[in-house]
Amino acid sequence: MSKLRKLTDKIKPTFSKGGKLSFLHSTFEAFESFLFVPDRVTSKGVHVRDSMDIKRVMTVVMIALVPSLLFGIYNIGYQHSLAANADMGFWAMVWYGFLKILPLYLVSYIVGLGIEFITAQIKGHEVSEGYLVTGLIIPLIIPVTTPLWMLALAVAFAVIIGKEIFGGTGMNIWNPALLARAFLFFAYPSHMSGDQVWVAGVDGFSGATPLAQTSEGLSSLHYSVSDMFFGFIPGSVGETSTLAILLGAVVLIYTGIGSWKIMFSTVAGALVMGLIANLAAPSPDCALAIPAWYHLIMGGFAFGAVFMATDPVTSAQTESGKWIYGFLIGVLAVIIRLFNPGYPEGMMLAILLMNTFAPLIDHIVVGRNIKRRLKRAKTV
Amino acid sequence: MSEQIRLKKGLDLPVKGAALRKISMTVVPDVVALKPTDFRSLTPRMLVKEGDVVKTGTPLFADKKNPEILFTSPVSGTVDAIVRGEKRKLLEVRIKSDNKGAAVKFDVPTGPSLDRESVVKVLLESGLWPCIKQRPYGIIADPSVTPKAIFISAMATAPLAADLEYVLQSEIDALQAGVKVLGKLTKGGVHISLDAHNYTSGSFHKLEGVICHFFSGPHPAGNVGVQINHISPISKGETVWTVDLFLVAAIGKLFLNGVYDTSRVIAVAGPAVVNPSYVKCCAGVAMEQISDLFNFANGNIRIVSGDLLSGKAVGRDGFLGFYDNLVTALPEGDYHELFGWAKPFRLKKFSFSRSYYSWLMPRKKYNMDTNTNGGERAFVLSDVYGKVLPMDIYPVYLFKAILARDIEKMENLGIYEIIEEDVALCEFVCPSKIEIQSIVSQGIELMIKEMS
């Protein structure tokens, strides 16, 4: 057996019941199960278990996020070099982006996991893996210039109010990462929107996002479709590159961990609503006239549809409910974008709103199932 | 041939060690046991004491609530031990066999006198009545009830299940007699479900006086509960009965010969079996007597009476369950694996999900063990359960209703239609490692208590 295992076995009694540090047993357990698949065996019920566990699920989601993260790091540097008129090489841009995002991740994980560990300790639970993904997502959906103390507050809010008071991962109503973003948006709107916040390192530089530009009309849009698709635009760190997000979507759909039904119906909802807006547009140069499919590559739509709407805990749980849930997210996101001049990004609110209504959708779907089953009884 | 019912959802567990079609051992019984714990919600009343001499068919204990339901000795000999557990709960009645074959002779009705009343009487006396289970709940049938219909599955899809055509190849006459007898108990007919793909090569479809149905699909398509759900679903207030096919043969032999014939051919299979094959033995056989087949050389193993999904771990000193014709042995998974969950490949591990690669190798068989492969969490993924439950039921909602002890919701969401074995695959695939079969057991017990 490996040395690491021997060491773990040696210190284990200290943390077990009766040991000196037994109050840290959840923490110890978390690290031990991070290093080793536990030696626990089935006790009742099935004697064999599938190899997949929540750790594996979360790992897959994290892998799916990697393309967006990497592109986001590069794009921080790229946008900076554009704004500062600096001629930076590729690696210089990556390094610049890395240095900018590192503090965000440190704060996100230290605060978030800190709270998770403390709560697990208090409740005597195992530490849940949920925050590993949430903590990876949060820095991707905020402007890179967000002050660290605000991020810390938002993370604490999201984990405590969004998750732990409901009982932890699996019990929450709203997607914790989005809740962190919503907290920031409503508490510190000046740091979360407008034209000044998207580019790091150049004071007072106005780098409007495509969404902000199109809210004034199509002719104000200064980015090409390919820039928006590949992601060379200002925006929250991970949301800009639709291509990188699509790579993540492929991973999620291939492994079956992200629901393709939700992704598909979210896109469908946005397209339908976008087309309706096109039909209703009074002039060809107003916000309503933006081609419907532009919505898919602007702002946080793609990121939200792939990584946030599909959160298995807060989305609709029934298969037919997922269609309705996704479709309404798409519709609402576009409605908010087009009819709310104060805040051009609608995806966050659309998903949070549908998180709220997901149980209602499921209730209706399950209710129909119950009726169908009762009816079946009468015919036989 | 009536319409074929094709089920898509489910999973055939690719586990190593399927039994080869040969008899590798014939066991002469030494100590055998009858276990009251094999019967759900049974409170037994002892009828014998240690040292008593019994014949095959002598009542050992009775159901306290319904004293006409008797449980009889599978062999002749003496009562060796009455094993009790906590709170004096009766666990086992062990009989030391004398192998003299003394048997109680039952007065079986024939010809015109074969009616419901006489059939029930003989089944109760002989100790074969408990072969008949009722749905809802999967408990021993109530003799005073006339069920809507009787269902038998002639299709075994559980992991490593005994090949029914093979173990019953010489018992077709007994099966025929058995279904004829069962037909007297209901007006709805005896329904038998066959494997749509290869029933023609077997002989079960030649049985007369039954209504045949044809199923295809992965496990749990062979579970009688799933079949009932597709043939004639159970609603509130209805009762149907189910009998395992090999127990139908036992009932048939009782009516042909007038004695309780407890011989059965069982499969001994699994990754920790040296020579997976069939064994001729009797009901309640001791695992010790077939222990030559188990491979104890490579660490701890678990011996299960029944299949890997719903069987009971009995251990080397345990006994075969009343309803089982399969013994599975597999290695215990009591080891630590460094970064196991993070390893990208883990090609020796099976998963229903595509986060592993086992789906790329559909023919590969796995050396599965009892490791839970992760810690218990709250329900996170919601869509995996429905993929292995081919019934019009929302499993997670039903489980949550049970946890909330909400009787009305449990009724509405289908508690009457399932027992543990039907949702065993949900438990297998559950990434949160929740003990779903235990939840369902709690639900059923709550229903029995509330509805009585």
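This report describes the interface between chain A and chain B in a predicted model, and then turns to some local backbone and surface features of chain B.

In the contact between the two chains, 58 residues of chain A meet 76 residues of chain B, and the area buried between them is about 6000 Å², with carbon and sulfur atoms giving 53% of that area. On the side of chain A, the three residues A:His47, A:Arg49 and A:Arg56 supply 15% of the area that this chain buries against chain B, which is more than any other three residues supply. The rule finds five salt bridges across the interface of chain A and chain B. A salt bridge also pairs A:Arg372 with B:Asp392, where the closest N and O atoms are 2.9 Å apart.

On the surface, B:Arg45, B:Lys64, B:Arg84 and B:Arg88 gather in a patch of positive charge. Within this group, B:Lys64 is placed in the loop between strand E6 (59-63) and strand E7 (70-72) of chain B, while B:Arg88 lies in the loop between strand E8 (77-84) and strand E9 (90-97). The backbone of B:Arg88 has a positive phi of about 55 degrees, although this residue is not a glycine.

Note on methods. Residues are numbered from 1 along each chain as its sequence is written. Chains are lettered from A and ligands numbered from 1 in the order in which they are written. This is a predicted model: local features need pLDDT of at least 70, side-chain atom pairs count only at pLDDT 80 or more; totals for chains, interfaces and linings use all residues. Side-chain values use heavy atoms; hydrogens and water are left out. Patches are made of residues with over 30% relative accessible area and no salt bridge: like charges are joined within 9 Å, nonpolar side chains (Val, Leu, Ile, Met, Phe, Trp, Tyr) within 5 Å. Accessible areas come from the Shrake-Rupley method with a 1.4 Å probe; for residues, only the protein chains shown count as cover. A salt bridge is a side-chain nitrogen of Lys or Arg within 4 Å of a carboxyl oxygen of Asp or Glu. Lys and Arg count as positive and Asp and Glu as negative; His and the chain ends are not counted. The place of a charge is taken as NZ of Lys, CZ of Arg, CG of Asp or CD of Glu. Helices (H or I, at least four residues) and strands (E, at least two) are DSSP runs, numbered from the N terminus. Contact means heavy atoms within 4.5 Å. Buried area is the accessible area (1.4 Å probe) that two parts lose on being put together, summed over both.
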